[in-house]
Amino acid sequence: MKRFFPLDKKDIFKIGIGVVVGAVAFGGIAKATGILGGTITSVCVDSRTKAIYASSDGTCAKGRLLANIGQTTSNGTASSGSSSLKSIVSLVAPSVVTVNVTTPQGGDTGSGSIIKSNSLTSYVLTNNHVIGAAANNNGTISVEFNNGDSAPATIVGRTADYDLAVLKINKGNLPVIPMSDNNNLSVGDGVIAFGSPLQLENTVTSGIVSALNRPVTTQSDLANTTSYVDAIQTDAAINPGNSGGPLTDFNGNLVGINDSIASLGSSFGGQSGNIGIGFAIPFNEAKRIVNEIISNGKANRPVLGVSFDPNQTSSTKGAKIAAITQGGAAEKAGIEVGSIITKIDNQKIVDQTTAIVKIRAYDPGATVKIVVIDSNGNTKSYTVTLGSTVSN
């Protein structure tokens with residue numbers, strides 16, 4: 001029997017796998033757009049500390065070496081360049097942190113990435129389930145850097161719906177992880193997982209993208225809120241403690257946030273180890289949420305305005321609508337109770353999990369095409385503009 005586990009050292013995750021669903025830059029670089037976004041090709045690597053600094057003009061100060069990363073070819077795909085795995089690790093590692101949580105009931109360890117830094121403060125991206133115990137039990141959070149230093153952290157905002165959280169530390173000018181839109185990812189592409197599995201800090205493993213668009217559900221916090229993730233599946237070895245750490249491509253760009261693993265056996269104090277099936281939250285999905293949390297302390301999620309029937313008995317595969325919210329997106333589009341959603345934007349929907357994962361992969365206000373089989377057995381298509389609500 002399959003068993004699925006989180007990557008921290010406490011809560012057991014539930015994962016439902018069905019069929020389908022659903023360029024950032026260093027903080028401060030000249031071409032950056034928004035809080036996270038833009039293009040980065042040149043960075044300067046400190047010869048002593050290996051910290052990464054943006055280079056807006058392709059030159060570096062004394063004591064720093066110029067490196068080119070995150071480049072794209074003429075067709076927009078990532079360029080592998082000539083960087084070795086070792087050089088990629090040296091670029092990324094200074095921006096990876098260990099997240100330590102202490103509560104009256106005990107402690108826990110996860111991982112994170114420095115995603116934004118100015119002269120005074122820096123922001124760390126991690127999983128909600130890593131820091132949820134501290135938020136719910138008056139605990140404390142600290143982050144430990146690649147060089148062994150540590151600093152206290154506070155929660156800027158978090159969302160159980162997407163299992164993401166942003167922390168703030170009062171320490172500036174820190175190396176920021178390279179980032180990229182992982183729409184360019186393909187099955188078979190190489191990836192690297194960073195983090196602190198089983199409290200073994202500064203651990204690096206590599207593998208490939210095993211699959212894309214895996215509908216994954218997990219229990220994200222003590223309130224048992226379910227997270228829905230349109231996940232990247234990888235065979236890179238990730239284990240408890242890797243939660244919140246970065247999954248990068250072979251250019252060193254952040255493409256995912258390590259989130260959960262599948263396992264068959266039990267070890268490591270009641271949790272199972274890696275069997276080559278791990279899941280990461282796509283960064284191109286997380287980016288909007290992270291921007292909203294940094295700006296507002298909270299994030300929104302898209303809503304269709306329906307409730308699904310969890311006890312669906314119809315022979316038709318799909319997500320059966322049990323109720324429709326008055327004034328919601330589905331009602332405005334004319335979708336009726338009893339209809340079974342079979343496709344969303346030409347992606348096959350086999351159950352309510354795949355439907356929810358697919359919807360949450362969009363931005364609020366997005367327009368989607370939904371195909372249903374109504375209660376009379378007729379196939380109908382609707383164009384729906386998704387609503388918005390504050391994420392849990």
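Predicted model: local features only at pLDDT ≥ 70, side-chain atom pairs only at ≥ 80, totals over all residues.

**Notebook: a first pass**

I counted 5 helices and 24 strands in the chain.

**Confidence**

The pLDDT averages 79 over the chain, and 73% of the residues score at least 70. I marked residues 1-34, where the pLDDT is below 50; this stretch still has 149 contacts in the model beyond near neighbours in sequence. I also marked residues 266-270, again with a pLDDT below 50, and there I found 9 contacts beyond near neighbours in sequence.

**The barrel**

In what order do the strands close into a barrel? I traced 6 strands, β5-β6-β7-β10-β9-β8, with antiparallel pairing. Ignoring direction, neighbouring strands of this sheet are turned by 40° against each other on average.

I then followed one pair. Strand β5 (residues 96-103) runs antiparallel to strand β6 (residues 106-117), and the two share 8 bridges. One bridge I looked up joins valine 96 to serine 113 in β6.

Which helices pack on the sheet? Helix α2 (residues 128-136) does, touching β5, β6, β7 (122-126), β8 (140-144), β9 (150-159) and β10 (164-169). The direction of α2 makes about 95° with that of β9. Helix α3 (residues 283-296) packs there as well, touching β6, β7, β9 and β10. For α3 the angle with the direction of β9 is about 100°.

**Asparagine 173**

I moved along to the loop between β10 and β11 (190-195), where asparagine 173 lies. Is this residue buried or exposed? Asparagine 173 counts as exposed because its relative accessibility is 52%, and the cut-off for exposed is over 50%. Leaving out residues up to four places away in sequence, I found asparagine 173 touching Ser117, Asn118, Ser119 and Ser122. Serine 122 is 51 residues away along the chain, yet the two C-alpha atoms are separated by 7.5 Å.

**Strand β16**

Strand β16 (residues 278-282) has 5 of its 5 residues buried, so I wrote it down as largely enclosed by the rest of the structure. I looked for a partner and found strand β13 (residues 226-234), which pairs with β16 in the antiparallel sense over 3 bridges. In one of these pairings, isoleucine 232 has alanine 280 in β16 as its bridge partner.

**Helix α5**

My last stop was helix α5 (residues 352-360). Why did I note it as largely enclosed by the rest of the structure? The reason is that 8 of its 9 residues are buried. The buried ones are Thr353, Thr354, Ala355, Ile356, Val357, Lys358, Ile359 and Arg360. At the start of α5, I saw a side-chain oxygen of aspartate 351 come within 3.2 Å of the backbone nitrogen of threonine 353.

I gave arginine 360, in helix α5, a closer look. Its relative accessible area is 11%, so arginine 360 is buried, the limit being under 20%. Which residues does arginine 360 contact, leaving aside neighbours within four places in sequence? I listed Asp161, Tyr162, Thr226, Tyr228, Glu285, Arg301 and Pro302.

Note on methods
Residues numbered from 1 in each chain as written. Heavy atoms only, no water. Pairing = 2+ DSSP bridges. Helix = DSSP H or I, 4+ residues; strand = E, 2+ residues; numbered from the N terminus. Axes fitted to C-alpha atoms, helices over the stretch in contact; angles between N-to-C directions. Contact = heavy atoms within 4.5 Å. pLDDT = per-residue confidence, 0-100. Buried < 20%, exposed > 50% of the residue type's maximum accessible area, 1.4 Å probe, protein only. Polar contact = N/O pair within 3.5 Å; in protein donor to acceptor, adjacent residues only side chain to side chain.
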